[in-house]
Amino acid sequence: MKICKEDMVAGNRPRTHFNKAGWANLKTKFLKQTGLSYEYKQFKNKWKAIKRQWGLWAKLKGKETSLGWYPTKKTIQASDDWWKANIQ
């Protein structure tokens, strides 16, 4: 997600999808960090699968009230009912 965010900020996702440069950067940076070489379709499928969860996490960290964000542990505290209602 961090790599994706970097390329979004760099302007390599002008609309709803990464451009060719964004996908190339993603592949290169991911290989450098993990040693794994993924193709476009593998990244696209993974991005699609985790995009909603990442958006929810960003929302929780920045905007939700009555939830606790613990910077030292880097965790969010919420009731089980809250999690069930928001992650289905």
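Trainee: Which element gives the largest share of the lining of the largest pocket?
Mentor: Keep in mind that this is a predicted model. The elements that each give two or more residues to this lining are α1, α2 and α3. The largest share is 4 residues, and it comes from α3.

Trainee: What is the volume of the largest pocket?
Mentor: Its lining includes Met 1, Lys 2, Gln 33, Tyr 38 and Ile 50. The space itself has a volume of about 190 Å³.

Trainee: How many residues in the lining of the largest pocket are nonpolar?
Mentor: Go class by class. The lining has 2 charged residues and 1 polar residue. Among the residues listed are Ile 3, Cys 4, Leu 26, Phe 30, Phe 43 and Trp 47. The nonpolar count is 9.

Trainee: Which element supplies the largest share of the largest nonpolar core?
Mentor: The core has 8 residues: Ile 3, Cys 4, Phe 18, Trp 23, Leu 26, Phe 30, Phe 43 and Trp 47. The largest share, 3 residues, is from α2.

Trainee: Which residues is Cys 4 in contact with, leaving aside its neighbours within four places in sequence?
Mentor: Cys 4 belongs to the largest nonpolar core. Cys 4 also lines the largest pocket. Its contacts beyond those neighbours are Phe 18, Leu 26 and Trp 47.

Trainee: Is Asp 7 buried or exposed?
Mentor: Asp 7 sits in helix α1. Beyond four places in sequence, its contacts include Arg 13, Phe 18, Asn 25 and Lys 29. The cut-off for buried is under 20% relative accessible area. Asp 7 has 2% relative accessibility, so it counts as buried.

Trainee: How far apart are the C-alpha atoms of Leu 56 and Ile 87?
Mentor: Leu 56 is found in helix α3. Leu 56 is buried, with a relative accessible area of 13%. Its contacts beyond four places in sequence are Trp 82, Asn 86 and Ile 87. Leu 56 and Ile 87 are 31 residues apart along the chain, and their C-alpha atoms are separated by 8.6 Å.

Trainee: What pattern does the protein follow along the sequence?
Mentor: Count the elements before you order them. The protein has 4 helices and 2 strands. Read along the sequence, the pattern is α-α-α-β-β-α.

Trainee: What percentage of the contacts with a separation of 6 or more is between residues 24 or more positions apart?
Mentor: Start with the whole protein. Of its 88 residues, 19% count as buried. For contacts with a separation of 6 or more, the part from residues 24 or more positions apart is 23%.

Terms used: Residues are numbered from 1 along each chain as its sequence is written. This is a predicted model: local features need pLDDT of at least 70, side-chain atom pairs count only at pLDDT 80 or more; totals for chains, interfaces and linings use all residues. Side-chain values use heavy atoms; hydrogens and water are left out. A nonpolar core is a set of buried Ala, Val, Leu, Ile, Met, Phe, Trp, Tyr and Cys residues joined through side-chain atoms within 4.5 Å. Buried means under 20% relative accessible area, exposed over 50%, partly exposed in between (1.4 Å probe, protein chains only). Contact means heavy atoms within 4.5 Å. On a 1 Å grid over the protein atoms alone, a cavity is a set of points where a 1.4 Å probe fits but cannot get out, and a pocket is an open set with protein on both sides within 12 Å along at least five of seven lines; lining residues have an atom within 4 Å of a point. Grid points are joined across faces, edges and corners, and a volume is the space filled by probe spheres set on the points. Ala, Val, Leu, Ile, Met, Phe, Trp, Tyr, Cys and Pro count as nonpolar, Asp, Glu, Lys and Arg as charged, and the others, Gly among them, as polar.
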